[in-house]
Amino acid sequence: MSTQNSKAKQLIILSGKGGTGKTSISAAFAHLSAARGNSRPMVFVDADVDAANLSLVLQPGNLDPKEFWGGSLAEIDPEKCINCGACSAVCRYDAIFPDPKNDQVQWIDPIACDGCGACVYACPTGAIAMVQQQEGNWFQSNTPYGTLFHAELFPGRENSGKLVTLIKQQARLYAEDIQSQCVVIDGPPGIGCPVISACAGTDLGLIVTEPSLMGLHDLKRVLGTLRHFHVPSVICINKADIYPEGTRAIREYAAAEGIDLIGEIPYDEKIPRAMIEGKPVTVLFPDSFAAKAIQEVWHKTTSLLQLQED
Amino acid sequence: MQIAVASGKGGTGKTTIATSLALSLAGLADVRYVDCDVEAPNGHLFLKPEFTESAPAVIRIPQIQTEKCTACGRCVEVCEFHALAQVGKNILVFPQLCHGCGSCTWNCPENAIVEVPNPIGTLERGMALENIEFFRGLLTISEPMPTPIIRQLKKRVYPQPNTINIYDAPPGASCSVVETLRGVDFALLVTEPTSFGLHDLKQMLGIVSDMNIPSGVVINRDGIGDDSLKDTLQDYNIPILLRVPFDRVLAESLAAGRTLVDVYPEYRDILRELYQKVTEIVGGKTK
Amino acid sequence: MKLIISAQNPSLEAQVDRRFGRCMWLVLFDTETNQWEAFQNPGASQSGGAGVAAAQLVVDKGADVVLSGDFGPNASRAFQAAKIGMQRFTDSTTTVQEAVDHFKYVK
C-alpha cells in the first residue's frame, strides 16, 4: 500500500548488447508517463553518459551544463624533472616517456595515464603532481515529458561509472523533492562499471533484448549481472519478428530461468523514423504496431512497480 | 597492419563488419581477429573459433603481510581509488576498487605488501573459420573494469610481420574504447544514418583526433535515415569508405549468425577494396 | 555513545540521507554530552570508493554506531571489521534529531 510519502521506485532499462532499442523505449515511456498527467511525475535519467541519446528524442530546453570533475591525472613539471626515469619505472600503464618536444625531460600521456599516483611518490624532486580533471558535464533539463538528468562524458575519458552515480544521485534527490513515484534509468550497453553503477539499488530491471544470437548471448550476461546485484528483472523482446527461432529461444530461456517475458515488439521502421524526427514513437505514430506493443510493456512495468496511475 | 573497428553507438554493426572484413582478408594475409568487447563479446558467434588456449586475466592486488605491517596507514593515504581502509591495526583491501597500480606496494615503508593475482576475467585464443587466429577477452560478471583485460588481451597478440590485426571495439566512447584503439594504424568507424548514430560518431571523431589515428566511416543500414551524416563528415574531412544498405533479409540472416559475406559474397571483393583504400590512407599519412 | 548519522545538511534539523556512501554530510552525535559536529562526507562524489571513504571517516572519528538508510558491501565490511554497529533508519525518520531520539529511546 503506497503512502503519499513513499520513496520513489527506480527502474533500470538494460540490454547487454547495444542497439536493441533501450533509448527508443525509454523515450516512449517518458511520453506515456507524462501523458497520464500523474500528480507524481516520473524522473528520467540517461545513464549512457559517453553516448547519450535520450535527450535527442526528449528534446530538453535550455541546457545548463554543470561540470563533472572525475579523477586526477599526473603531470610533470619540466622545470623540476631531472630525467632520472624513476617515474616510468613504476608506471604500469606505459604512460611515461621522454617528452616529444624536449627529450631531456619525461612526459605523461594523459590518454594513457590511469591516475594512480605511483609516479608522484617515486619522483625524487617532487616534479609530479596530481591534477584534478574535468571529465564531462551533466545536466538537469526540462523536457516536454518531464525532467531529464543526463550527461556528456568527454570523449575517451574514464570514470563513466562515477558520472552515472552522480546523475542518479541528483535524480533521486530531485525525485524526493517533488515526491515523484519513479526514477526511470536508460542504461548503457555492456555489464561493466557504468552498468553496475546504473543498476545498483534499483527496484526492477527491464531487459530490452533482440532475437539474434548476439542478443541472447548478451541477455544472459546482463541478467547475470542484475542477479548478482539483486535486481529483480523482466524481459521484453524488440524487433521480435526478425528471427522467430531466436524469439523462441529467448522465450524458452526466460521460462527456464523463471523470468517474466512482458512483451514482444515487432520490428517497425516507425521506430528509426521517430528517432530521426527527434520524438518518441508513441507521439509520432501512436497507432503503429511498435507504439501499441510498447504501451503494453509500459502498463506491465508500471503494475510490477506498483505505481499509482491516476 | 592494425585496424580497429569502433562506432560510438552500440548496435551499428561493428562485429558484422569486423568479422566479414576478417573473412574477406583471410586469403591475402595472416589475419587475427581480436574481440575487445570483453563485456559482451559476439565475434565468436560469427567466426566460430575453437579455443585451445585460456588464461585468467588478472589484476595484481595488494595482500598485507600482517606480521610486518605497523598500521602506519601510508598505503591508505596513497591509494587514489579508496581501495584500502584502515580499521584500528588492520588494513582492509577492497579488490573491486583496486586498479592494480602497485602504488601502495612501492610506498609501504615496511615492505609489508605483496601482490597477488586477482582474476577478473579470461583471455582466450583459438583458430576460427578460414584460418583466422581468434583472440578474445571475457570480463567476469560483476567485475567493473574491462580496460585491464583489453590491455592484457592486446599484449597476447604477439607482433608478427605480414599480419592484419582486426580489433573489434566495444560500444561507447570511454576508456575501454581508447584502450582498444591505442597503437592501431586505422580506425574504421561504423555508424548508422540517424541522429543517434551521428551524435555518438562525433564522440569517436573526438577520440581518433586526440589519438592521431586516421579513420574512415562505414555507413550501415544506409537508407533508414537522411543524408545529414554525409555533410557532417565532409566538415570533418573523414572519408566514407562503404555504405551497406538497410536490408531486412540481411538483418534476419545476421540475427541467425550468418555473416555479411556469407549472405552477399560480393562483399568479399568490396571489403578487400576497402582494405586497399585503408592501406593507401595509412601509407599516405603525413602527420 | 558516539553516533554517526548520514544527513543532507550539517544540522540536527537536517533531513537524513538514506544512502550512506554518498550522503553529503556525516553528523557525529555524542549521546553522553549531547554535543554534535558535522563533517563533509569524503565519499560524496565518489563512485565505488564512496562507501570506503565515508567508512574511513566514521572509523577515524571513533564512532560506536552508524545510523543510515542502507549500507553498501564495502562500508559494511569496514564496519564489521571495526566492530561499529550499523542501524537503519525507520521509515518514519526524517531528521537527524529524530534518528538520534529513536536510537536513544526506542529499544
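In which helix of chain B is the place of Ser20(B)? Ser20(B) belongs to helix 1 (residues 14-25) of chain B; helices (H or I, at least four residues) and strands (E, at least two) are DSSP runs, numbered from the N terminus. The model is predicted: local features need pLDDT of at least 70, side-chain atom pairs count only at pLDDT 80 or more, and totals for chains, interfaces and linings use all residues. Residues are numbered from 1 along each chain as its sequence is written, chains are lettered from A and ligands numbered from 1 in the order in which they are written, and side-chain values use heavy atoms, with hydrogens and water left out.

**Figure 1. Chain B as a whole.** Chain B contains 11 helices and 11 strands. Its C-alpha trace spans about 70 × 40 × 40 Å along the principal axes. Of the 287 residues in chain B, 61% are buried; buried means under 20% relative accessible area, exposed over 50%, and partly exposed in between (1.4 Å probe, protein chains only). Among contacts (heavy atoms within 4.5 Å) in chain B between residues at least 6 apart in sequence, 74% join residues at least 24 apart.

Figure 2. Ser20(B) counts as buried because its relative accessibility is 0%. Its side chain reaches the backbone nitrogen of Val261(B) at 3.3 Å. Leaving aside neighbours within four places in sequence, Ser20(B) is in contact with Thr259(B), Leu260(B), Val261(B) and Leu271(B). Lys14(B) also lies in helix 1 of chain B, and this residue counts as buried at 6% relative accessibility. Not counting residues up to four places away in sequence, the residues that Lys14(B) touches include Val5(B), Asp168(B), Pro170(B) and Val190(B). The C-alpha atoms of Lys14(B) and Asp30(B), 16 residues apart along the chain, are separated by 21 Å.

**Figure 3. Salt bridges within chain B.** A salt bridge is a side-chain nitrogen of Lys or Arg within 4 Å of a carboxyl oxygen of Asp or Glu, and the structure holds 24 of them over all chains. Arg74(B) and Glu77(B) form one at 3.0 Å, N to O. Both residues lie in helix 3 (residues 74-78) of chain B, three residues apart, about one turn of the helix. Arg74(B) is partly exposed, with a relative accessible area of 25%, whereas Glu77(B) is exposed, at 53%. The side chains of Glu179(B) and Arg151(B) meet in a salt bridge at 3.5 Å, N to O. This pair links distant parts of the chain, 28 residues apart: Glu179(B) is in helix 6 (residues 175-181) and Arg151(B) in helix 5 (residues 147-156) of chain B. Glu179(B) counts as buried at 6% relative accessibility, as does Arg151(B) at 17%. Arg32(B), Glu53(B), Arg125(B) and Glu133(B) are linked in a network of salt bridges.

**Figure 4. The interface of chain A and chain B.** The contact takes 56 residues from chain A and 63 residues from chain B. The two chains bury about 5000 Å² between them, 59% of it on carbon and sulfur atoms; buried area is the accessible area (1.4 Å probe) that two parts lose on being put together, summed over both. In chain A, Arg92(A), Tyr121(A) and Arg221(A) lose the most area to chain B, together 15% of what that side buries. Two salt bridges are found across this interface. Arg92(A) forms a salt bridge with Glu115(B), the closest N and O atoms being 2.7 Å apart.

**Figure 5. The interface of chain A and chain C.** Nine residues of chain A are in contact with nine residues of chain C. Chain A and chain C bury about 770 Å² between them, 47% of it on carbon and sulfur atoms. In chain A, Lys162(A), Gln169(A) and Arg172(A) lose the most area to chain C, together 50% of what that side buries. Helix 5 (residues 160-177) of chain A gives the most to the side of chain A that touches chain C, with seven residues. Zero salt bridges are found across this interface.

**Figure 6. Helix 3 of chain C.** In helix 3 (residues 96-105) of chain C, Val96(C), Ala99(C), Val100(C) and Phe103(C) are buried. Seen down the helix axis, these buried residues fall within an arc of 95 degrees, so they line one face of the helix; the arc is that of the directions from the helix axis to the C-beta atoms. The buried residues of helix 3 pack against strand 1 (2-7), strand 2 (25-30), strand 4 (65-68) and strand 5 (85-88) of chain C.

Notes: A polar contact is a pair of N or O atoms within 3.5 Å; within protein, one must be able to donate a hydrogen and the other to accept it, and residues adjacent in sequence count only if both atoms are side-chain atoms.
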